[in-house]
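Hello, and welcome to this structure. Below are some notes to read with the model open beside you, one topic per point.

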Amino acid sequence: MPSSDQILRTFDPELWGAIDAERERQENHVELIASGNYPSPRVSAAQGALLTDQHAGGYPGKRDRGGCDFIDVAERLAVDRCRQLFRAEYANVQPHSGSQANQAVHLALLNPGDTILGMSLAHGGCPTRSEPVGRPGKIHHEVAYGLDADEVIDYAQVEALAHRHRPRLIVAGASAYWLRIDFKRFRRIADAVGALLMVDMTHHAGLVAAGLYPSPVGVADVVVGSTDKTLRGPAGGFILAREAWGHALDSTVFPSVRGSPMAPMIAAKAVAFREAMSPAFRAYQERVIDNAATLARVLTERGLRIVSGRTECHMMLVDLRAIGVTGDEAEAVLGRVHVSVDKNAIPNDPRQPAATSGLRLGSPAVTTRGFGPAEIEQIGHVIADVLGAPRDDAVVARSASAVTALCARFPVHGQPMVPPARHSRPTLVVAR
């Protein structure tokens, strides 16, 4: 019997060509996009399972149609494992993304016109929730806090704005923030003004699961997250909360936010949650942090400025203003040498969003691939070489060859994801 790949290749060669080209790109590119990662073959197998054949609106034991007995088993496993992994009273694993989880929380907890106090998009806030891009800005009154002069969350500003505006909801969490967040301080501020506290740990969920980043669970009223990114599962979202909010959240996720959940995605989430409970997963997350610190150190030594002067998680923001290269230009030229990155605004960025003055870099995907300190140092020097001479074809060609050779040593697909041997953890202390 032909394999599924052979069937698709024969039936739809144009589509297969795009899929095959993407496979080749993944093999030949170093993935430094902070939100990028590769799921395990086990996760991919669950997501491609025949569970896709069945619709299952509602929740286990309360479906809107018959024939869902075994879909119920898969979803109960995902919910129980999610609650166990994060030590949560309640979990909903049906959201198709972190942004959909955000939307469900807003609909369940807020009324039109309520005030939300969240992180400014210009300082690293999530574009799915922050003004002016996010939909909630059309329904709720949004107030934004940012970073202080040391490029750290300005908790004094958060407190002052909370007392001035009396928000119904305070949101902690960001798409581009590289330091540890003091969730307990946010809790105290919320309690002082009678606000609910929501934490978006979309980008840090894997580190939280491994106990290497402060957990907001039990501190916040509601926590949302993504199952991909650092958690290394399928693309999707989840909600954690105090049990008191469970009914309101369940009835909002279904049917207000979406209809039938994606059963194979939920099965893949169940696998990812189980993987995240293993000692190997913690070792992997330790290496993620090690690799991020190593990359930040090398770039700093080569004259590039790391915003805030350090990273305390899996990501960092590089300020490019001193070398006269925009984020858009850096993304393009690094793409030519097979290094995938994403441009990102720095705090108070003087450039337009289409250009930006920074790069957001992250270590989860390269760590999954097996890179250790030596490989990360090599990539750091490639980045510095190319950004130092972006129009020098010889530098670009030499760097591209080096990256190609490095990628060949660490194939992405068909390899077990075993963390490399642990080395001493580097520390990054950079004078401002």
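1. Let us start with V73. V73 sits in helix α4, residues 69-86. Helices here are DSSP runs of H or I with at least four residues, and strands are runs of E with at least two, numbered from the N terminus.

2. A word on the model itself: it is predicted, so local features need pLDDT of at least 70 and side-chain atom pairs count only at pLDDT 80 or more, while totals for chains, interfaces and linings use all residues. Residues are numbered from 1 along each chain as its sequence is written, and side-chain values use heavy atoms, with hydrogens and water left out.

3. Now for some backbone features. Most residues other than glycine have a negative phi, and most peptide bonds are trans. K229 has a positive phi, near 50°, and lies in the loop between β9 (222-226) and β10 (237-241). K229 counts as buried because its relative accessibility is 14%. H338, also not a glycine, has a positive phi of about 70°. You will find H338 in the loop between α12 (327-336) and β13 (339-340), partly exposed at 22% relative accessible area.

4. Please look at the bond between F254 and P255 as well: the peptide is cis, with omega about 10°. P255 belongs to helix α9, residues 246-257.

5. How do helices α11 (residues 279-301) and α14 (residues 373-388) pack? Their axes are 9 Å apart at an angle of about 35°. Axes are lines fitted to C-alpha atoms, for helices over the stretch in contact, and angles run from 0 to 180 degrees between N-to-C directions. The crossing is right-handed, meaning that the near helix is turned clockwise from the far one by less than a right angle. Among the residues in contact (heavy atoms within 4.5 Å) are R287, N291 and L295 of α11 and I376, G380 and I383 of α14.

6. The whole structure holds 23 salt bridges, each a side-chain nitrogen of Lys or Arg within 4 Å of a carboxyl oxygen of Asp or Glu. One of them joins E286 to R282, with the closest N and O atoms 3.3 Å apart. These two are four residues apart in helix α11, so about one helical turn separates them. E286 is buried at 15%, whereas R282 is partly exposed at 37%.

7. Another salt bridge joins R336 and D393 (3.8 Å, N to O). This pair links distant parts of the chain, 57 residues apart: R336 is in helix α12 and D393 in helix α15, residues 393-409. R336 is partly exposed at 46%, and D393 is exposed at 53%.

8. Finally, which residues form a network of salt bridges? E151, R305, D319 and R321 are linked in this way.

Technical notes: Buried means under 20% relative accessible area, exposed over 50%, partly exposed in between (1.4 Å probe, protein chains only).
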